[in-house]
Amino acid sequence: MNNPYFAHESSYVDRDCKIGEGTKIWHFSHIMEGCQIGRCCNIGQNVVISPGVVLGDGCKVQNNVSIYTGVVCEDSVFLGPSCVFTNVINPRAFIERKNEFRKTIIHKGASIGANATIVCGHNIGRYAFVGAGSVVTEDVPDYALIYGVPARVKGYVCQCGERLQFSQFRAVCRACGKTYRMDIDHHTVEETDGKCS
């Protein structure tokens, strides 16, 4: 059977996985039963994707990443080397809590840096940027730049990843020209027109 995706001979892909055309799965990775992986994703070395995980189109998962049941990544999500997710808030080796898994959604275009930890039940907003080594313990707004332990909002970024500088609640990306406005009442940022190149 000719698969529409590439899987290195050292990787394991369990039954009943849905994997999109053009996706590549590299050395020593394990894609577990019931996963859904979109088109044109790149799954690095030594990655574990647990049962029921969903990855959208165009996701990049770097080496040594563990994505546990309950995680949903929308399109174009970047997961940096050795970042990790949890799915139980109070694990014990001697108590099974599979019925307590908490859902975590990584929204479209978000990036998570190397060695970051995402505590379960906290969603990452669209195009947000989580700095390397951060520990995320609360929801992350769209376009937010967060880092630290625990991670806190330190600014905002464009869809193209450049940091935004706001003046009178408006910002223009220096790299691509996309414009944004900030709603201070709701602590949100949204794009107003144009597209990143």
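**Working through the model**

Q: Gln168 first: buried or exposed?
A: Gln168 is exposed, with a relative accessible area of 72%. Exposed means over 50%, buried under 20%, and partly exposed in between (1.4 Å probe, protein chains only).

Q: What should I know about the model itself?
A: It is a predicted model, where local features need pLDDT of at least 70, side-chain atom pairs count only at pLDDT 80 or more, and totals for chains, interfaces and linings use all residues. Residues are numbered from 1 along each chain as its sequence is written, and side-chain values use heavy atoms, with hydrogens and water left out.

Q: Back to Gln168, then. Where does it lie?
A: Gln168 is in the loop between S21 and strand S22 (170-172). Strands here are DSSP runs of E, at least two residues long, numbered from the N terminus. Gln168 is 13 residues from Arg181 in sequence, and their C-alpha atoms are 8.9 Å apart in space.

Q: What is the strand order in the open sheet?
A: Nine strands make up this open sheet, in the order S1-S4-S7-S10-S13-S16-S18-S20-S21, and the pairing is mixed. Strand S1 (6-7) and S21 are the edge strands, each pairing on one side only. Two strands pair if DSSP finds at least two bridges between them.

Q: How do S20 and S21 pair?
A: They are antiparallel: S20 (residues 144-147) and S21 (residues 152-156) share four bridges. Leu145 has Gly155 in S21 as its bridge partner. The two strands form a hairpin with four residues between them, and Gly148 in the turn has a positive phi of about 110°.

Q: And which way do S10 and S13 run?
A: S10 and S13 (residues 78-79) run parallel, joined by two bridges. There, Val61 stands opposite Leu79 in S13.

Q: Which residues have the most contacts inside the largest nonpolar core?
A: Ile49, Leu55, Ile67, Leu79, Ile112 and Ile124, in a core of 46 residues. Strand S12 (71-73) and S20 each supply at least two residues of this core. A nonpolar core is a set of buried Ala, Val, Leu, Ile, Met, Phe, Trp, Tyr and Cys residues joined through side-chain atoms within 4.5 Å.

Q: What does Ile124 touch?
A: Leaving out residues up to four places away in sequence, Ile124 touches Ile105, Ile106, His107, Ala110, Ile112, Ile118, Val130, Val136 and Val140. Contact means heavy atoms within 4.5 Å.

Q: Switching topic: how many disulfides are there?
A: Zero, in a search of the whole structure. A disulfide would be a pair of cysteine sulfur atoms within 2.5 Å.

Q: How many salt bridges, then?
A: The search of the whole structure finds six. Each is a side-chain nitrogen of Lys or Arg within 4 Å of a carboxyl oxygen of Asp or Glu.

Q: Which residue does Asp57 meet?
A: Arg39, at 3.1 Å from N to O. The pair is 18 residues apart and links distant parts of the chain, with Asp57 in the loop between strand S9 (54-55) and strand S10 (60-61), and Arg39 in the loop between strand S6 (36-37) and strand S7 (42-43). Asp57 is partly exposed at 26% relative accessibility, as is Arg39 at 45%.

Q: What about Arg126?
A: Arg126 forms a salt bridge with Glu191, with 3.9 Å between the closest N and O atoms. That pair is 65 residues apart: Arg126 is in the loop between strand S17 (117-118) and strand S18 (129-130), while Glu191 is in strand S24 (residues 188-193). A salt-bridge network links Arg126, Asp142 and Glu191.

Q: One more: where is His122, and what does its side chain reach?
A: His122 is in the loop between S17 and S18, and its side chain reaches the backbone oxygen of Thr137 at 3.1 Å. His122 is buried, with a relative accessible area of 18%. Neighbours within four places in sequence aside, His122 is in contact with Lys103, Thr104, Val136, Thr137, Glu138 and Asp139.

How values were computed
A polar contact is a pair of N or O atoms within 3.5 Å; within protein, one must be able to donate a hydrogen and the other to accept it, and residues adjacent in sequence count only if both atoms are side-chain atoms.
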